[in-house]
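Dear colleague,

My notes on it follow, and I would be grateful if you read them with the structure open.

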Amino acid sequence: MRGLYHLTAALDPTRPVIGNDGWEIVEGDILGVHDYALDGATLRERYCSAEALEHTLASVQPARRNFYLAGHHRKGEPVMLTEFGGLSHAPADSDRWWGYGTLPDTDTLLSSYEDLLNAVLDSPVIAGFCYTQLTDTEQETNGLLREDRTPKLDMKRVKAINTRVSRAVQHDVLQEIHALADERRREQMRAQASQPTSVNDR
């Protein structure tokens with residue numbers, strides 16, 4: 001794994017490289033954690049501070065495997081929840097299904113999703129996340145969308161939950177990001193305004 005990490009980093013030094021994700025970490029620019037806690041309270045307890053994070057990685061080991069191997073220790077790499085959630089909407093009796101937690105209806109699914117996301121976004125030590133998962137696939141019915149890509153939840157509510165500001169992101173960084181985005185929008189509008197309009201003669 002160390003060899004693959006260094007080879008990949010040498011081939012493209014512009015991108016962060018994850019050596020292994022979720023457990024058995026020996027090298028990497030990002031520490032990806034898999035934590036399928038079923039409620040926000042558990043995530044808050046595990047990631048509420050730098051001390052809680054270190055305890056979680058060393059002792060709790062959410063994936064029930066050793067988080068570090070070969071004496072590796074965190075050297076300041078950002079921590080991301082690269083797998084969490086996995087909540088499944090209760091299927092029909094005849095359906096094959098699977099999820100980390102099963103909920104009885106759509107309203108409960110949305111409430112639980114919000115509870116988990118709020119806990120993640122309230123954490124000062126989680127630098128990013130990847131919810132499991134975007135869509136249902138075969139027997140895994142733990143997506144936010146069904147297999148045909150129709151939403152299970154109110155997408156406006158999901159967007160409002162997902163776009164909340166994370167405590168881990170510094171305010172000055174956010175201001176810079178928003179300023180750059182605003183300037184990019186203004187440039188696009190100026191470019192569109194300067195484009196000549198054409199009329200097709202028939």
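Helices and strands are DSSP runs, numbered from the N terminus. Please bear in mind that this is a predicted model.

In these terms, L69 lies in the loop between α3 (50–60) and β2 (79–85). From H55, L69 is 14 residues away in sequence and 16 Å away in space, C-alpha to C-alpha.

Turning to α3, its buried residues are A52, L53, T56 and L57. Because they cover an arc of only 130 degrees around the axis, they are on the same side of α3. As background, an α-helix has 3.6 residues a turn, so residues three or four places apart point the same way. The buried residues of α3 pack against β1 (31–35), α2 (40–47) and β2. After α3 comes Q61, which has a positive phi, near 50 degrees.

Finally, there is a pair of helices to examine. The axes of α4 (residues 106–122) and α5 (residues 155–162) come within 10 Å and cross at roughly 15 degrees. Angles under 35 degrees count as roughly parallel, and α4 and α5 are therefore roughly parallel to each other. Their crossing is right-handed. The contact is made by L110, Y113, E114, L117 and L121 of α4 and by R157, V158, I161 and N162 of α5. Of these contact residues, six are nonpolar, one is polar and two are charged.

With kind regards

Conventions. Residues are numbered from 1 along each chain as its sequence is written. This is a predicted model: local features need pLDDT of at least 70, side-chain atom pairs count only at pLDDT 80 or more; totals for chains, interfaces and linings use all residues. Side-chain values use heavy atoms; hydrogens and water are left out. Helices (H or I, at least four residues) and strands (E, at least two) are DSSP runs, numbered from the N terminus. Buried means under 20% relative accessible area, exposed over 50%, partly exposed in between (1.4 Å probe, protein chains only). The arc is that of the directions from the helix axis to the C-beta atoms. Contact means heavy atoms within 4.5 Å. Axes are lines fitted to C-alpha atoms, for helices over the stretch in contact, and angles run from 0 to 180 degrees between N-to-C directions. Angles under 35 degrees count as roughly parallel, over 145 as roughly antiparallel, 65 to 115 as roughly perpendicular and the rest as oblique. A crossing is left-handed if the near helix is turned anticlockwise from the far one by less than a right angle, and right-handed if clockwise. Ala, Val, Leu, Ile, Met, Phe, Trp, Tyr, Cys and Pro count as nonpolar, Asp, Glu, Lys and Arg as charged, and the others, Gly among them, as polar.
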